[in-house]
Amino acid sequence: MTDQQLIGNYPHQVAGHCGSGALRDLMQWAGLSYDSTPLSEGTIFGLGGELGFSYLRHSAMSPPIYLVGRGPDLTGHFTRRLGITATQHATDDPDEGWAWVRDELDQGHPVLCWADIAELPYLRVRLSMSRHDIVIIGYNDHTRTATVIDNDRADPQPVPYDALARARSSTGFPAPTRHTTYRLRYPTQLPPLSSTAADACDAAASALRHPEPMLTGDLDTTPELVHGYGLNGVTTFVDDLHQWSDLFPPDQLDTVLRALAAFIDKAGTGGGLFRRLQADYLHYLARHTHLPTAQQAADTYSQLAQVWSDLATTATTDIDITTRIAALTDTAQQLPALEQRGADDLHILARDLTT
């Protein structure tokens, strides 16, 4: 066993979302693409088929709202769809978890892992988010540091072993990391673009039309809990937004609005609640397939991304809270019909890609 290892010339650039950014880099490292040009982060996200929507509000949460625009398993769905063998390992034994990483690196493979952002020293954040994707490309027993690639940093980051172990053993939101490690093995070529993209578009449309709830159990008996998923969830969010000025005192309302903006544009969404990444993917399909329905879907998701980002901008505008809420509710009124159109466009495009 060696005491240090580093994968050289690993391709990386800052990304909008940890999962799609990590997979983009790994695909480029593996030399896989459809036209000899590295796939963009947006195309990676779109081929995952993980677009979605979930909204929660409850006074016990901090902040009391939660908003997310994607599903929970981009890595699993993307790798299966693209013919990549992805074996997911998880353990509560830190030595076993670290041994998996070292073994992969010693074989020359970069390692995709989960980590809690609160325990990664280079991020300097207090918020816990345990399912943050990082790629480990090296280790050094002399300095007791691992070399980490993160979508939020342009350069590789040295992370002390003890900090990395804490990040990989977190029990924070939304799930314990359990030293989760992926063993990835790549095909020699990718499956056909049209059928792969059709499957991804159909999956995204289905996730919006027939969503799986983020929470399980008898939620309707939970006092004060407001929750909604998929297209109906967008309507739930817009309707609930009208009540915020009555539900929250002014000082808390300002905090909630800033949290809303962060969930839309800052929390690793690629901008516009992941709709901007989806639009990038659809523009890629329009260029490669010349299908009018691909361009139509791309235009719809570009518009959706802009409306969601406008909502985030308005939420943090330096104007009085009453005016801000009025502007927010006015902008948000566009979302249910536009999200419905987006899901319809994806369904039609999936059909056209297979004919």
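Which strand do two bridges join to strand 5, and in what sense do the two run?

1. Strand 9 (residues 181-185) is joined to strand 5 by two bridges, and they run antiparallel. Strands pair if DSSP finds at least two bridges between them; strands (E, at least two residues) and helices (H or I, at least four) are DSSP runs, numbered from the N terminus. Leu 112 has Tyr 182 as its bridge partner in strand 9.

2. The model is predicted: local features need pLDDT of at least 70 and side-chain atom pairs count only at pLDDT 80 or more, while totals for chains, interfaces and linings use all residues. Residues are numbered from 1 along each chain as its sequence is written, and side-chain values use heavy atoms, with hydrogens and water left out.

3. Strand 5 (residues 111-115) also pairs with strand 6 (residues 132-140), antiparallel, over five bridges. Here the bridge partner of Leu 112 is Val 135. Five of the five residues of strand 5 are buried (under 20% relative accessible area with a 1.4 Å probe, protein chains only; exposed is over 50%, partly exposed in between). Leu 112 and Trp 114 point one way from the strand, and Val 111, Cys 113 and Ala 115 the other.

4. An open sheet is formed by three strands in the order 3-2-10, with antiparallel pairing. Its edge strands, strand 3 (65-70) and strand 10 (226-229), each pair on one side only. Strand 2 (residues 51-57) is joined to strand 3 by five bridges, and Ser 54 stands opposite Val 68 of strand 3.

5. Helix 12 (residues 321-332) has 12 residues and should span 16 Å at 1.5 Å a residue; its end C-alpha atoms are 16 Å apart, which agrees. The expected span is 1.5 Å times one less than the number of residues. At its start, a side-chain oxygen of Asp 320 comes within 3.2 Å of the backbone nitrogen of Thr 322.

6. Arg 324, Ile 325, Leu 328, Thr 329, Thr 331 and Ala 332 are buried in helix 12. Seen down the helix axis, the buried residues fall within an arc of 160°, so they line one face; the arc is that of the directions from the axis to the C-beta atoms. Exposed Thr 322 and Asp 330 sit on the face turned away from the buried side. The buried residues pack against several helices, including helix 7 (230-241) and helix 13 (335-353), where contact means heavy atoms within 4.5 Å.

Note on methods: A polar contact is a pair of N or O atoms within 3.5 Å; within protein, one must be able to donate a hydrogen and the other to accept it, and residues adjacent in sequence count only if both atoms are side-chain atoms.
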